[in-house]
Amino acid sequence: MTQSAALWSDAAEAGARGDYLAAWATLDLLVDADPRWQSLAASMRGSHLRQIGDVRAARGWDAQALESASDAESRAEALIGLAADDVADAQAASARSHLAL
C-alpha cells in the first residue's frame with residue numbers, strides 16, 4: 001500500500017468512527033499527493049459533510065473532486081458524490097445525469 005493509500009485508509013477509518021476532526025487532519029496530509037488522491041480526499045470530505053447535513057458545503061468538495069479526478073475511480077467517486085448531493089436536494093434529474101442513467 002502506498003503512503004497516500006494508507007493515509008486515505010486512515011482517514012476513512014476515522015470518519016467511519018465519526019471522528020471527522022481526525023479524518024480531516026489526515027486528509028490534509030494528502031494536499032500535495034497526486035491528483036487522484038487529492039480527488040479522493042475531496043470526495044471523502046464531501047461525504048463527511050453530507051453525513052452531518054451540510055449538502056451545500058459537500059457539493060463544493062465534490063465539484064473540486066471532479067475537477068481534480070485523474071482516473072476512472074476518482075472520477076466515479078466524485079460523480080457519485082455529486083449525485084448524492086442532488087438526491088439530498090431532491091434534484092432527481094440532475095442525480096441521474098451525474099450517474100448517466
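This is a predicted model: local features need pLDDT of at least 70, side-chain atom pairs count only at pLDDT 80 or more; totals for chains, interfaces and linings use all residues.
Trainee: What makes tryptophan 24 and tryptophan 61 an aromatic pair, and why is the pair called edge-to-face?

Mentor: The ring centres are 5.8 Å apart, and rings pair if their centres lie within 6.5 Å, so the two count as a pair. The planes stand at 80°, and because angles over 60 degrees count as edge-to-face, that is the label.

Trainee: How do you know that this pair links distant parts of the chain?

Mentor: Tryptophan 24 belongs to helix 2 and tryptophan 61 to helix 4, and they are 37 residues apart.

Trainee: What makes the set that includes Trp37, Leu40 and Met44 a nonpolar core?

Mentor: Such a core consists of buried nonpolar residues joined through side-chain atoms within 4.5 Å, and the largest one here has 10 residues, among them Trp37, Leu40 and Met44. Helix 3 gives the largest share of this core, four residues.

Trainee: How do you know which classes of residue line the largest pocket?

Mentor: Its lining includes Leu27, Asp28, Gln38, Arg45 and Trp61; Leu and Trp count as nonpolar, Asp and Arg as charged, and Gln as polar. By class, the lining has six nonpolar, three polar and two charged residues.

Key
Residues are numbered from 1 along each chain as its sequence is written. Side-chain values use heavy atoms; hydrogens and water are left out. On a 1 Å grid over the protein atoms alone, a cavity is a set of points where a 1.4 Å probe fits but cannot get out, and a pocket is an open set with protein on both sides within 12 Å along at least five of seven lines; lining residues have an atom within 4 Å of a point. Buried means under 20% relative accessible area, exposed over 50%, partly exposed in between (1.4 Å probe, protein chains only). Helices (H or I, at least four residues) and strands (E, at least two) are DSSP runs, numbered from the N terminus. Rings of Phe, Tyr and Trp (its six-membered ring) pair if their centres lie within 6.5 Å; planes under 30 degrees apart count as stacked, over 60 as edge-to-face and the rest as tilted.
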